[in-house]
Amino acid sequence: MKELAMAPSGLHGRLTVPGDKSISHRAVMLGSLAKGETRISNFLPGQDCLTTVKAFQDLGVKIDREGENLVVYGQGLKQADKALDMGNSGTTTRLLMGILAGSSFTSQMIGDASLSKRPMKRVSQPLAKFGAEIDLSPNGTLPATIKGQKLHGAQIQLEVASAQVKSAAIFAALAAKGPSTIIEKLPTRNHTEIMLQQFGADIATDADNLTIHVNPGRELTGQEVEVPGDMSSAAFWLTAGAIVPNSKLTLAHVNLNPTRTGIVQVLKQMGAKISIEQLPSKGEELGNLTIETSQLAPVKLTAEDIPAVIDELPLVALLAACAEGTSEIRGAEELRVKETDRIKTVSQELGKLGVEVTELPDGMIIKGRKDWQVKDDNLDSYGDHRLGMMAAIAALKSKQPLKLANEGSISVSYPGFFSDLEKLLK
């Protein structure tokens, strides 16, 4: 059990958050598929991203890493001599399925106990429309066997609003013979499309932000990729700055891709005191964010709002718990198939803090209040990195010490989380 810090004097200072997790994954993947060297700076050395590095090394790619700097020597993939271990990384698993579907060899994938419960038919079914052959367990989960073969172009309508599923389909389309069109249910993160354009792929998105056209055949070439700060990591400090009394802090060099700033929009909607300084950038939009203690109003989110804040919804729930009034999160059934059932676990952990949360099939109703009456001082991450960090942020405004079980899971996406917190407490 880890003793969690309180912040009676507030949080102050300036942080540069770790590199974007989604972009770190994709930079390694595209560097591996491209011809020539790809140099990646500010890579996130969390467990999930290192799983991607190890998977591509097992597939024959030479990758040199020194801390947050990588060099990927693109030379094509070859069959691994063992099953590819996906650890806890859903991103690695789902995107790699799309890549391996069009390979010339067969691959096996395994994962840890948590990942092996997560649904994979949502990927295998759309990939089948390109001619992919993927065998899953009877439950539609890992372990998986991907029988690489020649794929054909397709027009597919995605049934799930998921950037991972979309990206898997895009990778399959790149390996197909003939053009493809992929139509999303709702707009999701477009890091794959942006980076593919940088690497030279023929890919375009219509003005509706839903329809993606992929024309295979162009060779990808190695690039220099500077990974911006991860908005999903910055979101924890934005939340802390808003809810902890006497706080004011700045987060530098954060990715402001419009598909990732949902948490900023929610904070503004709730009345948070937040300002943005745009920075020059050759790739994705960048900026510095400053947040200070705020009087928050309740919020109502619907299915259309969810894709832009899917990873930050535990924090939206925490913000709602600190607002005066009743908030609603609906249309978020996707939370039930994350590292944990996040509707259930977030409701349980906020309940321990004395927050009244009603669990819905697709979300939560949260009755916020300025001061909590803690009922149980033993919080738990349940092995879910985002839940662990949410608990640590909640503890900052507690008036009594709280403890966290399974805090090690936080290293999945933010290995330096607690050391960064120490900087803001000084």
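Predicted model: local features only at pLDDT ≥ 70, side-chain atom pairs only at ≥ 80, totals over all residues.
**Entry 1: Asp311**

I started with the UniProt record, an unreviewed entry, where the annotation "active site" covers Asp311. Where does Asp311 lie in the chain? I found Asp311 in the loop between β20 (300–301) and α9.

Next I asked myself: is Asp311 buried or exposed? The relative accessible area of Asp311 is 12%, and the cut-off for buried is under 20%, so I noted Asp311 as buried.

Then I looked up its neighbours. Leaving out residues up to four places away in sequence, Asp311 touches Arg189, Ser232, Lys338, Arg342 and Arg386. With Arg189 I also noted a polar contact, side chain to side chain, at 2.8 Å.

**Entry 2: α7 against α9**

I moved on to α9 (residues 313–322) and its packing with α7 (residues 231–243). The angle between the two helices is about 0 degrees, and their axes are 10 Å apart. That makes α7 roughly parallel to α9, since angles under 35 degrees count that way.

Which residues meet here? From α7 I listed Ala235, Phe236, Thr239, Ala242 and Ile243; from α9 they meet Leu315, Leu318, Leu319 and Cys322. I sorted the residues of this contact into eight nonpolar, one polar and no charged.

**Entry 3: α6**

Last, I checked α6 (residues 191–199) for buried residues. My list reads His191, Thr192, Glu193, Met195, Leu196 and Phe199. After α6 comes Gly200, and I noted that its phi is positive, near 105 degrees.

How values were computed. Residues numbered from 1 in each chain as written. Heavy atoms only, no water. Axes fitted to C-alpha atoms, helices over the stretch in contact; angles between N-to-C directions. Helix = DSSP H or I, 4+ residues; strand = E, 2+ residues; numbered from the N terminus. Parallel < 35°, antiparallel > 145°, perpendicular 65-115°, else oblique. Contact = heavy atoms within 4.5 Å. Nonpolar A, V, L, I, M, F, W, Y, C, P; charged D, E, K, R; others polar. UniProt positions renumbered as here; feature names shortened; annotations may be inferred. Buried < 20%, exposed > 50% of the residue type's maximum accessible area, 1.4 Å probe, protein only. Polar contact = N/O pair within 3.5 Å; in protein donor to acceptor, adjacent residues only side chain to side chain.
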